[in-house]
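Me: I'm new to this one. Can you walk me through it?

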Amino acid sequence: LKKNLKLICGIIRNWAFQRLLSFDLQMRIIKIFIELLAFVPIFIFEMMIFKLSILVFVLSLIIIHTCFWFLFAPVWYPIICIGELYKNDHKKLISYARQIKKRISKENDFIIAAALTGSISRSKMSPYSDIDIIIIRKPGYKNACKALFFTIKETLRAQKDRIPLELLWSLDTSSVRKETPLIMYDPHKLIQSVCKPYQIFK
């Protein structure tokens, strides 16, 4: 019962925040703005059918927020990492990390550096581990939009492959300084200059 309650709370938290706390301020603003834009036509459509009411407002909000949940949030995280209802193979997670490393290195127009943290970097992976990646991006709203689009693409890939993927975006190295990272992409040696020790993910 305690485990089921923990899973339910994890799913609700996952649905409610949808990685918002993993985004920098600019990305949060854009994500909320896009969701509000999507909310308005759904609300107007339902209002035309059911007339204006609090129920219509709440229903519209739930529909849009749930759609964005599948686009932005790691849906498999609470199922695997909290509920332990599905096991991932160690090799599958490492293989996926190598694939996303290649994709990150191709996005050098807005990504400055990236590193694996968490259980993978500590060599303490289990069948219920997730993939934690800290990504440092270039500032500006244009780059924030690119980062959000990259998040959507990688989230959808992870949903398909049942990978609990956590992406943490930052504009500086503050989020990675307390870690012992596995560096995925760092052409300017930004992470290497602030993290001792560190390892290179191959």
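Predicted model: local features only at pLDDT ≥ 70, side-chain atom pairs only at ≥ 80, totals over all residues.

Me: What about β1 and β2, parallel or antiparallel?

Reply: Antiparallel, over 6 bridges. Ala-115 has Ile-134 in β2 as its bridge partner.

Me: What sort of unit do β2, helix α6 and β3 make?

Reply: A right-handed β-α-β unit. The helix in it, α6, takes in residues 141–161.

Me: Let's stay on α6. Is Gln-159 buried or exposed?

Reply: Gln-159, which is found in helix α6, has 15% relative accessibility. The cut-off for buried is under 20%, so Gln-159 counts as buried.

Me: What does its side chain reach?

Reply: The side chain of Gln-159 comes to 2.9 Å from the backbone oxygen of Ala-73. Beyond its neighbours within four places in sequence, Gln-159 also has contacts that include Trp-69, Phe-70 and Trp-76. Pro-74 and Val-75 are in contact with Gln-159 too.

Me: And Lys-160, is it buried or exposed?

Reply: Lys-160, also found in helix α6, is exposed, with a relative accessible area of 62%. Its side chain makes a polar contact of 3.1 Å with the side chain of Asp-161.

Me: How far apart are Lys-160 and Lys-124 in space?

Reply: 25 Å, C-alpha to C-alpha. In sequence they are 36 residues apart.

Me: New topic: α1. How many residues does it have?

Reply: Helix α1 has 16, running over residues 2–17. From first C-alpha to last it reaches 22 Å, close to the 22 Å expected.

Me: Which of its residues are buried?

Reply: Leu-7, Gly-10 and Asn-14 are the buried residues of α1. Down the helix axis they fall within an arc of 60°, so they line one face.

Me: Why would residues spaced like that point the same way?

Reply: An α-helix has 3.6 residues a turn, so residues three or four places apart point the same way.

Me: What covers that buried side, and what is on the face turned away?

Reply: The cover includes α3 (54–72) and α4 (76–82). The face turned away carries the exposed residues Lys-2, Leu-5 and Ile-12. Just after α1, Gln-18 takes a positive phi of about 45°.

Me: Last one, α5. Which residues are buried there?

Reply: Leu-93, Ile-94, Tyr-96, Ala-97, Ile-100, Arg-103 and Ile-104 are buried in α5. That helix has 17 residues, 90–106, and reaches 25 Å, close to the 24 Å expected.

Me: What do they pack against?

Reply: The buried residues of α5 pack against β1 (111–117), β2, α6, β3 and β4 (182–185).

Me: And what happens at the start of α5?

Reply: There, a side-chain oxygen of Asp-89 reaches to within 3.0 Å of the backbone nitrogen of Lys-91.

Technical notes:
Residues numbered from 1 in each chain as written. Heavy atoms only, no water. Right-handed = clockwise from strand over helix to strand, strands pointing away. Helix = DSSP H or I, 4+ residues; strand = E, 2+ residues; numbered from the N terminus. Buried < 20%, exposed > 50% of the residue type's maximum accessible area, 1.4 Å probe, protein only. Polar contact = N/O pair within 3.5 Å; in protein donor to acceptor, adjacent residues only side chain to side chain. Contact = heavy atoms within 4.5 Å. Expected span 1.5 Å × (residues − 1). Arc of directions from axis to C-beta. Pairing = 2+ DSSP bridges.
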